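Take a look at the chain shown here.

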Amino acid sequence: MTPIQTVKMSNFRWVICGLLFLATTINYMDRQVLSLTWKDFIAPDFHWTDDHYGTITGLFSIFYAVANLFAGKFIDWMGTKKGYLIAIFVWSVGACLHAACGWGAIGLAGGSITALTTVSVWLFLACRLILAVGEAGNFPAAIKVTAEYFPKKDRAFSTSIFNSGASVGALAAPATIPLLARAWGWEMAFIVIGALGFVWMGLWIWLYDKPAKNKRVNQAELNYIEQDSDIAEVQDRDNVKEEKTIPFWDCFKYKQTWSFIVGKFMTDGVWWFFLFWAPAYFSDRFGYTSDSTMGILLILTLYAIVTVLSIGGGYLPTYFVEKKGMNPYLGRMRAMLIFACFPLLGLLAQPLGSFSAWWPAILIGLLGAGHQAWSANLFSTIGDMFPKSTIGTITGIGSMAGGIGSFLINKGSGSFFTWADGQGEAFTFFGFDGKPAAYMVVFCICSVAYLIGWFIMKSLVPKYKPIVVE
């Protein structure tokens, strides 16, 4: 009898997860450059108000939403290797081009302050359009790669790891961007951070290929990756085949698609609101500018809490599946209900801010941690329900809905803050007046959005029901 040889499983899937984490970190750093420089560096140059900034962030969300509708299908069509490369190239170019907005606005304004403000807003919008088109490819590609490299039971955890790049990027940004802007000018901050994407492209070309074709993935790891397949053990790498895809418009026939759409629409805007407005909030409410020591520490504390706590959120569904015997969807929804309660802490952020700025930083950090854990599991519901060949498309559709939600809250908040600031004591809410009252209103909306979203999702898809394409 021939002795059975046990081959140690390679773990290259975690290297790929690390690349996804790095791409997401760069993605969010590129988004953060504007939010960390507009209030204290750009606005004085171009005479922007909150409404101007709200217009830019709101329309960026719309650009991102529309681009997502096509980005997912593009990734499914182009493939993850080429599609991801094109996406990060486009957004890195767009990020660097922001630096030229100042020079262009001054040249086109002809000395008029009104023209300078208007032209600068339009130039920044053009750059945000390019940035949005590229960044729209990040999550469809990353979720598709996660489904390629991880079995269902591990996808929420791996997604939470790469998705934590959003909070790590938001954590690294305040420690670097305001200092770059102060030392070399806000233009150089856009160029330095934008150039990181080109470095990532080299790593992706070198390391990525599909598991069945990647020489760094041995047979034991391939068998582990494909454990959800009907074939108990993948003996021949050529047997690993893609399922049939679902036509784009047919995706909208399924309640599972609408469940994901609702989850993204209700909650993405919350994350983007705090991402775009937190630096301005601490500046407006407490007088700590983004390049001040206290301003940097507050933002660092906020995103450190998000980073540390959110990763554990991806493990909770695995616990429910392996220890409690739940199916992946039921375990994921149970975990998401728990995470939907975290944002309720946001209701206390503004009231406790009357005692110290640290309270909003900590509570918004806990809210953000809940969001990231929620988001990791929300993305993983796609892999639970849809074939791998359609994951990019569904991710793009849902991300489009998230972009629309983000537009509504960012543009609405900018206009609301400008109006409330003008009203002063004439506008009150929960003991606050003027702009602080407006912040309190928006915080309340953000805090309850997750529970509303969860109940709608659960009503649409009450039980685990994967879609099989014949």
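## Helices and the model

Helices here are DSSP runs of at least four residues, numbered from the N terminus. The model is predicted.

Is lysine 264 buried or exposed? Lysine 264 has a relative accessible area of 3%, so it is buried. Its contacts, leaving out residues up to four places away in sequence, are Leu378, Phe379, Gly398, Ser399 and Gly402.

A search of the whole structure finds five cavities of 30 Å³ or more. The largest cavity holds about 110 Å³ of space. Its lining has 14 residues. Nearest its centre are Tyr28, Phe139, Lys264, Asp268 and Trp272. Helices α1 (12-46), α10 and α15 (358-385) each give at least two residues to this lining. By class, the lining has six nonpolar, five polar and three charged residues.

## The second largest cavity

The second largest cavity has a volume of about 70 Å³. Which residues line the second largest cavity? They are Gln256, Ser259, Phe260, Tyr329, Thr381, Ile382, Met385, Phe386, Met457 and Val461. Helices α10 and α15 each supply at least two of the lining residues. Seven of the lining residues are nonpolar, three are polar and none is charged.

## The second largest pocket

Now turn to a pocket. The second largest pocket contains about 240 Å³ of space. Its lining is made of 15 residues. Met266, Gly405, Leu408, Ile409 and Ile445 lie nearest the centre of this pocket.

Three helices each supply at least two lining residues: α10, α16 (391-423) and α17 (435-460). Helix α16 gives the largest share, seven residues. The lining of this pocket has ten nonpolar residues, five polar residues and no charged residues.

## The nonpolar core

The largest nonpolar core has 142 residues. Trp48, Phe124 and Phe273 have the most contacts inside this core. Helix α1 supplies the largest share of the core, 17 residues.

Look closely at phenylalanine 124. What does phenylalanine 124 touch, beyond residues up to four places away in sequence? Its contacts are Leu34, Ile42, Phe46, Trp48, Ile56, His98, Cys101, Trp186 and Phe190. Trp48, one of these, is also among the residues with the most contacts inside the core.

## Cysteines without disulfides

How many disulfides does the structure hold? The count is zero. Cysteine 444 shows why for one case. Its sulfur is 9.3 Å from the closest cysteine sulfur, in cysteine 446, so the two are too far apart for a bond. A disulfide needs the two sulfur atoms within 2.5 Å.

Cysteine 444 has 19% relative accessibility, so it counts as buried. The cut-off is under 20%. Cysteine 17 counts as buried as well, at 2% relative accessibility.

Isoleucine 106 lies in helix α4 (residues 99-109). With a relative accessible area of 59%, isoleucine 106 is exposed, because exposed means over 50%. How far is isoleucine 106 from cysteine 17 in sequence and in space? They are 89 residues apart in sequence. In space, their C-alpha atoms are 43 Å apart.

Isoleucine 296 belongs to helix α11 (residues 293-313). Isoleucine 296 has a relative accessible area of 11%, so it is buried. It touches Pro174, Ala175, Leu179, Ser290 and Asp291, not counting residues up to four places away in sequence. Isoleucine 296 and glycine 396 are 100 residues apart in sequence and 33 Å apart in space, C-alpha to C-alpha.

## Two loop residues with positive phi

Histidine 47 lies in the loop between α1 and α2 (50-78). Its phi is near 60°, a positive value in a residue other than glycine. At 41% relative accessibility, histidine 47 is partly exposed.

Where does phenylalanine 430 lie? It is in the loop between β1 (428-429) and β2 (432-433). Phi of phenylalanine 430 is near 50°, again a positive value in a residue other than glycine. Phenylalanine 430 has a relative accessible area of 63%, so it counts as exposed.

Note on methods: Residues numbered from 1 in each chain as written. Predicted model: local features only at pLDDT ≥ 70, side-chain atom pairs only at ≥ 80, totals over all residues. Heavy atoms only, no water. Buried < 20%, exposed > 50% of the residue type's maximum accessible area, 1.4 Å probe, protein only. Contact = heavy atoms within 4.5 Å. 1 Å grid on protein atoms, 1.4 Å probe; cavity = no way out; pocket = protein on both sides within 12 Å on 5 of 7 lines; lining within 4 Å. Points joined across faces, edges and corners; volume = space filled by probe spheres on them. Nonpolar A, V, L, I, M, F, W, Y, C, P; charged D, E, K, R; others polar. Core = buried A, V, L, I, M, F, W, Y, C linked by side-chain atoms within 4.5 Å.
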